[in-house]
Amino acid sequence: MEFITSLLDALTTDMVQAINSAAPTGGGRFSEPDPSHTLEERVVHWYFSQLDSNSSNDINKREMKPFKRYVKKKAKPKKCARRFTDYCDLNKDKVISLPELKGCLGVSKEGSLDSFPQGKPAGSNPFRRLV
């Protein structure tokens, strides 16, 4: 719980700073947020779009490297960061989709886990928030 909270706090801070800066980084790809989304959902959508540099709607191994570094640097406790991204790839296809990232960070709306492929692992994600 502490790990997810610290990671979302860091991502939220970075999003706010990027939006408020005069010259946005990442090509300035800021879309109008969906008013029905929570702040956490907006943060995940924003960061996913920053990582998805080829606009393929998934984060491949190359695009994942900055996220892995970010997680290790910003989130606490550090030991939770080691295999965090492995837990996000529920269908083990070596890419992370937006629903997988949202679920991994515990920001999916109730019932939205149905969108995951049927091949998800039997074990639960130790990083998922308890509601």
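Trainee: What should I know before reading numbers off it?
Mentor: The model is predicted, so local features need pLDDT of at least 70 and side-chain atom pairs 80 or more, while totals for chains, interfaces and linings use all residues. Residues are numbered from 1 along each chain, and side-chain values use heavy atoms, without hydrogens and water.

Trainee: Which residues touch the most others in the largest nonpolar core?
Mentor: Phe3, Leu7, Phe67, Val71, Phe84, Leu101 and Leu105, out of 30 residues. Such a core joins buried Ala, Val, Leu, Ile, Met, Phe, Trp, Tyr and Cys through side-chain atoms within 4.5 Å; buried means under 20% relative accessible area, exposed over 50%, partly exposed in between (1.4 Å probe, protein chains only).

Trainee: And which element gives the largest share of this core?
Mentor: α1, with 8 residues. Helices are DSSP runs of H or I, at least four residues, and strands are E runs of at least two, numbered from the N terminus.

Trainee: At what angle do α1 and α3 pack?
Mentor: About 110°, with axes 10 Å apart; axes are lines fitted to C-alpha atoms, for helices over the stretch in contact, and angles run from 0 to 180 degrees between N-to-C directions. Therefore α1 is roughly perpendicular to α3, a label for 65 to 115 degrees.

Trainee: New topic. Where is Pro77?
Mentor: In the loop between α3 and α4. The peptide bond from Lys76 to Pro77 is cis, with omega near 0°.

Trainee: What is phi of Asn57?
Mentor: Near 65°, a positive value in a residue other than glycine.

Trainee: Is Asn57 buried or exposed?
Mentor: Exposed, because its relative accessibility is 60%.

Note on methods:
Parallel < 35°, antiparallel > 145°, perpendicular 65-115°, else oblique.
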